[in-house]
Amino acid sequence: MPIAPTDREGARRQLERVLASPGFLRNARMSRFLRFLAERHLEGSDNQLKESVIAVEVFGRKPDHDPSQDSIVRTEAGRLRARLAEYYVGEGKDDGIVIELPKGGYTPVFRPRDPGSQPSLPLLHGKRIRHRTWLVTIAAIAIALAIIAIVWAQKTERFWRSPIADARFQTVTEFDGVGQAAAVSRDGQFVAFLSDRDGPVDVWLTQVGSGQFHNLTRGTAPELVNPSVRTLGFSPDGSWVTFWIRKPDSARGGHISIWAVPTLGGQPRLYLEGVAEFDWSHDGSRLAYHTPEAGDPLFVADGVDRSGARPIFKASAGLHAHFPLWAPDMATLYFVEGSLPNKLDIWRIPAAGGIPERITSHDGHVSYPVFLGRRTLMYLASGPGDSGLSLYSMDVEHRIPHRLTSSADRYTSLAASADGQRLVVTRASAKRTLWRLRMTKPLSGRQGVADAPAPARISLTTNTGFFPRLGPDYLLYVSATGTSESIWKVANGTGTELWSGAEAQIFGGPAIAPDGRRIAFSVRQSRRTLLYVMQADGTNARVVADSLDLEGAPAWAADGRSITSAAKDHGIPRLFRVPVGAGSPVLLVHDYSVDPAWAPDGRFVVYSGPDIGTTFSVKAVTLEGAGHPLPPMTLTRGARHLTFLHGGHALVFLRGDIEHKNLWLMDLETGAERQLTNLAPDFDIHDFDISPDGREIVLERVQEHSELVLLDLRRP
C-alpha cells in the first residue's frame, strides 16, 4: 500500500521507534532487514523488494545466490513477522502506527492502529430509553475517544515540534580562526570556548551581550584540544571555568586532568586530578566523572571528596564512554558509548549502578548530549552519508530522534544553561587540501627537520581532497560532493575520476598494491561495508568482501594476493586476511587491531591497538599471526596511518598533539626516532603518504573555521 507523502515522516518516526526497542537493538541483522524493507518502500522502490535482491543487499550473499538452495530471506522474514507481532503486544501496544510484513511478499505495510470495536450498548427489551440517558452515554463515549486520541498523539509524537523552532540566533564570535568546544554557565550569562585568536589555542571567556573577550590561560595550557570529550565547563556557582588538559610529556595519557581558572581571571589550578570528564548534578551536590583509563570507568561521588566514589560502569575493551550527563531527576546518568570516532550511541544507567540501556541507534558519530527539560535531550549526531554533525533532539521516554538542522550545516559542540533556555553551539566548516614535499634526496633515517622543504599546495580539479596515496607516477585521493564520495587519480597533471558511488562513504583511505596496478578501498553504503578492488585505471571494480563489518584502512599483503583489514568480531575490531581471489576471510590477529601496514618483505604487519585515554600502542605480528618484536611506540589519537620506507627498516608516522602533528621516523633496528617536519602551528595534518622511491611526501591539510552561535529559546 503506497504511503502518502504527508504520512512518510510519521512512518519513519515509527520505524525508528521500533528499531530502538530492546528486541531489535539486540538483533542487528533483523534491524538491518527491517530498515532495508521500510526505507526502500518509503522511497517508492518496491521493485527492489525481491528475495534475490534482499539476499545480496541485507544478508551479504553473492550475486549468484540461489533462493532454492538457501532460504535465509524467507526464514528471516518469518522471524521478523514474529518479532513485530511481539513488539505490538508489548512495548508498542499503544503506538498509533503499525508496521506489518504480510505473508507471501517483502513489502511492508504502515497502517494506523485500529481503535478496536467499542462495547455494544445493552439492549433493553420492552423499556423506553430516556433521551437524557442517550446524551450521557454519547458524551461519555466522546470523552473516552478524546482521551484515547490525546494519549495516542502523545505516544506517537504526532504533534512534535522542534525545540529550536522559535529560537533567536545570535553569532557570538566573528573573528578569524577557530572558536570551538563552547560551554555556558548555569545561569546562561557567560560563555567559555577554545580559540587560537592570539596564536596558540587558549581558554577564552565572554559575557553574553558584552562583545568583549578575555583570554584566561594566555599560553599556559599547552594541549587543550580533544574533540572526543567535553573539554570545557563551569563550576556549579560559575566562579571557575574548567578545562581538560594533557601534559605534553605524557607518553601514556596518564597525566590527563581537569584544571580550572577563575572566571574573573587569575592563575589556573588543579581542579580534578586524573579525571578526563565530569558533570555536576543539578543541585551541585553529586559529581559524576570518568578517568582516562581503559574503558573510561565512570564514577559517582558525593561532592569533591572522591575517596568514597564508586564505579558504576566501564566500557568493554577498545570502547569508550564519554560525555557523562546527569538527568534532571538526578537518578540517572546518560553517556556516549562505543568505538571512536563514528560507532557511537547514547546510553543511560541508574546513578546507583545497574544495567545500561541504549537510548539511540545512530551507530555513528554522536557527542555533546544536553537536557533542555525533564525529558527533552539534545545532542550532535551524524546521519547516513553526512560529512559532519547535525543537531538532534528526542523525548527520552519515546526515544524517537528528530533532526533539527540541515546536513549542510556542520556543528562540533553543544552546551545548555541549567534551565535549558539558552544554548551555545559551534558551527564549523573545514577545507581539506593536499600538499606536496619534494625531497632533494630519497628519504632515509638520516634526514631530519633541516632537510624537509616547505610544502607546496597541489592543484586539484575537485573542491576537496583527502586520504592521499602515492603510486608509481601517480597520486590517488578521495573527494566528496554532497553525500557521495569518489576516488580520483592525478597522473601527468591530469585528474581522472576512477570510482564513485551514490550515498557512498570511503573510509580509512585507499590502498595501492605493491606493483601499483590495483587499488583496494572500503566503502560504507546503505548501512553496509564493502571491500572493493579495481585496476589502477578504474576498470574492473568488484567487491571482494561483503560479509564483514569493516573498520579502518585496508592494506595489501606484500605478495599482492590478499588484503588485510580490520572487521568487527563480537564487537571488537580484529585484523582479517581477505583473499583477492577465491576463498573466505581468515582471522589474523585475535586482539584489538586496526589500520595495518605490511613490511615490504611481507615478514610482518604493524597495526594500532585500542585507545587508552588519548593514546594507543603500535604492535606487530608475523604472517602466521605470531607476535613480532617492535621497538615500543605509543602515539596520540588521530595518527593511525603508518608507512614503511623502502627496504622496511624504518617506519614513518605522525606524532604530536591530538590536533597538530608532525612527521616522524623510527629506525626499527635501533628504536631511534627523528622528527622529519616542523610545520607551522596552523598546518594540521590528518593523513599523509610517501612515494615508493622516498623522494616525495604528500600531506592532507585540514583548515577549520568555526564560530559560536547563541540560541535563545522561546519561554513557555
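These legends go with several close-up views of a predicted model.

**View 1. Phenylalanine 33 and phenylalanine 59 meet as an aromatic pair.**
Across the whole structure, a search turns up 15 aromatic pairs. In the pair shown here, the ring centres of phenylalanine 33 and phenylalanine 59 are 5.2 Å apart, and because their planes stand at 70 degrees, the pair is edge-to-face. Look at where the two partners sit: phenylalanine 33 belongs to helix α3 (residues 28-42), while phenylalanine 59 is in the loop between α4 (51-57) and α5 (72-89), so the pair ties together parts that are 26 residues apart in sequence. Phenylalanine 33 has a relative accessible area of 0% and is buried. Phenylalanine 59 counts as buried too, at 8% relative accessibility.

**View 2. Tyrosine 87 and tyrosine 88 form an edge-to-face pair.**
Here the distance from centre to centre is 4.9 Å, with 85 degrees between the planes of tyrosine 87 and tyrosine 88. Are these two residues buried or exposed? Tyrosine 87 is buried, with 4% relative accessible area, and tyrosine 88, at 9%, also counts as buried.

**View 3. Three aromatic residues form one cluster.**
The members to find in this view are Trp499, Phe521 and Tyr532.

**View 4. Two arginines lie over aromatic rings.**
In one place, arginine 269 has its charged end over the ring of tryptophan 240, 4.4 Å from the ring's centre. In another, arginine 432 lies over the face of phenylalanine 466, and the distance to the ring centre is 3.8 Å.

**View 5. Arginine 637 is a buried residue in a loop.**
You can find arginine 637 in the loop between β42 (634-636) and β43 (643-644). Its relative accessible area is 10%, so arginine 637 is buried, the cut-off being under 20%. Which residue's side chain makes a polar contact with the side chain of arginine 637? That partner is asparagine 226, at 3.3 Å. Setting aside neighbours within four places in sequence, arginine 637 is in contact with several residues, including Ser228, His320, His322, Leu340, Asp611 and Phe616.

The whole structure holds 3 cavities of 30 Å³ or more. This view shows the second largest cavity, with about 60 Å³ of space.

Methods:
Residues are numbered from 1 along each chain as its sequence is written. This is a predicted model: local features need pLDDT of at least 70, side-chain atom pairs count only at pLDDT 80 or more; totals for chains, interfaces and linings use all residues. Side-chain values use heavy atoms; hydrogens and water are left out. Rings of Phe, Tyr and Trp (its six-membered ring) pair if their centres lie within 6.5 Å; planes under 30 degrees apart count as stacked, over 60 as edge-to-face and the rest as tilted. Helices (H or I, at least four residues) and strands (E, at least two) are DSSP runs, numbered from the N terminus. Buried means under 20% relative accessible area, exposed over 50%, partly exposed in between (1.4 Å probe, protein chains only). A charge sits over a ring if NZ of Lys or CZ of Arg is within 6 Å of the ring centre and within 35 degrees of the ring normal. A polar contact is a pair of N or O atoms within 3.5 Å; within protein, one must be able to donate a hydrogen and the other to accept it, and residues adjacent in sequence count only if both atoms are side-chain atoms. Contact means heavy atoms within 4.5 Å. On a 1 Å grid over the protein atoms alone, a cavity is a set of points where a 1.4 Å probe fits but cannot get out, and a pocket is an open set with protein on both sides within 12 Å along at least five of seven lines; lining residues have an atom within 4 Å of a point. Grid points are joined across faces, edges and corners, and a volume is the space filled by probe spheres set on the points.
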